Amino acid sequence: MATSPTDRDVGHARYAYRLRVSGGAQAALLGEWDRCRWIWNECVARSKNAYANGEKIGPAALDRMLTEARAVTPWLREGSSVPQQQLIRDFGKARSKAIKDIKDRLPMHRRAGMPRWKRKRKALPTLNYTKRGFRLKDGKLHLAGGIILTVVWSRDLPAAPTSVRVYQDSIRHWYCSFVVPVCVQPLPETGCVIGIDWGVRVTATTTSAMHDLPHPAHGRKAKEKLSRYDRMMARRKSKRGQASSKGYRKVKRPCVKLHKKVARQRQDTGRKWAKRVVLDHDALAVEDFKPKFLSKTMMARKAADAAIGATKTALIEMGRKHGRSVHLVHPAHTTMDCGRCGARAKHALPLGERTYTCTACGAVSPRDKNSARVMLVRAGLAPAGVDRVRPGRSLSDQAA
């Protein structure tokens, strides 16, 4: 798609589509995955041996390994070299990141683990193809090796894709994900700004009463069915070390489908809300909230059902897509500061107290509404002087 000189490139994005796969195409894809899985496990083995002997193994050595293996193994030569080479690239990136985290002495929970074995019954197929390994013709996806797949075009691609990933999800459905360059799609200016505070009782509280996002509770609505499936799976679960029975796999499929449905409901709710917020506001002050710590509290189940992280990601991506100014505000002391005068309370507000009362100016407002107002002030989007706070970080500042 041609773009005008005024369009600003914002990088790349993925566009995912469902695939209709015939029996022959599925057999060919699984054959390609068996070869790629063997190469991955061979890379893991060689990496472990090199580490045990105190040696280093780089991308060049792994490339030579692939060349030698294809020369002496006809089974590997039957498959395309493109996904095999891309798998080695992915292995090298994963290993380099893990080594860097170890050198930086990051805590164990923040480190990227070293690449592990891909087991036949557990690892789901994932094949990556660069531009020379695929093409689109007559609405179908042609992969290297003569594999032809029918794509369900739910939307048009904005530009020519540079690569594609073909993968199978947890319920054995096939998808393709194209990487395409994207440009800003500007929206008309509205002259409005908004502050957003994340929570559990209400997923997003904003300075605009019309844009609050209530807790969707998709997981709670599906809890009864999920509990029934869990009990059925527990009765059919095999002993450790034994293969899963046919009855266990039969019950597991509807359970996985329901989990997938809930995840898509959360994603859909977050994207629709993000689109509405971005359409109505020129600048957004978003709390840079990390919901991971909530998993260790009594609110873990409700916080997970709120999907704060996914909603926040959708909002940031939507703002970047449409050229809106997004400021990430540090969340420290947002419940202690007054959104009107900027005074800070001497003590933190208890979680059960939902009304904020300022001792300096006497302002009274709901706790979360006051925090949303503080987001605006810290981002410099509201005419107020708040001292002793960290300023908001715009996405452009982070990129710089």
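Start by selecting Gly24, which sits in helix α1; helices here are DSSP runs of H or I with at least four residues, strands are runs of E with at least two, and both are numbered from the N terminus. Gly24 is exposed, with a relative accessible area of 53%.

A quick word on what you're looking at. This is a predicted model, where local features need pLDDT of at least 70, side-chain atom pairs count only at pLDDT 80 or more, and totals for chains, interfaces and linings use all residues. Residues are numbered from 1 along each chain as its sequence is written, and side-chain values use heavy atoms, leaving out hydrogens and water.

Color by pLDDT, the predictor's confidence in each residue from 0 to 100. The protein's mean is 86, with 93% of residues at 70 or more. Residues 1-7 fall below 50, and beyond near neighbours in sequence they make 5 contacts in the model (contact means heavy atoms within 4.5 Å). Residues 384-400 are also below 50, with 31 such contacts.

Next, show side chains for Leu141, Leu143, Leu149, Val166 and Cys176. Among the 38 residues of the largest nonpolar core, these touch the most other members. (A nonpolar core is a set of buried Ala, Val, Leu, Ile, Met, Phe, Trp, Tyr and Cys residues joined through side-chain atoms within 4.5 Å.) Helix α1, residues 23-52, gives the most to this core: 9 residues. For a separate core of 23 residues, pick members including Ala204, Trp273, Leu294 and Ala303.

Select strand β7, residues 174-183. Is it enclosed or open? Largely enclosed by the rest of the structure, since 8 of its 10 residues are buried. Strand β6, residues 163-168, runs antiparallel to β7, joined by 6 bridges; strands pair if DSSP finds at least two bridges between them. Zoom in on Gln168 to find its bridge partner in β7, Trp174. The two strands form a hairpin with 5 residues between them, and Arg172 in the turn has a positive phi of about 65 degrees.

Last stop: helix α10, residues 367-378. 10 of its 12 residues are buried, so it is largely enclosed by the rest of the structure. Strands covering those buried residues include β8, β9 and β11. Just after α10, look for Gly380, with a positive phi of about 75 degrees.

Technical notes
Buried < 20%, exposed > 50% of the residue type's maximum accessible area, 1.4 Å probe, protein only.
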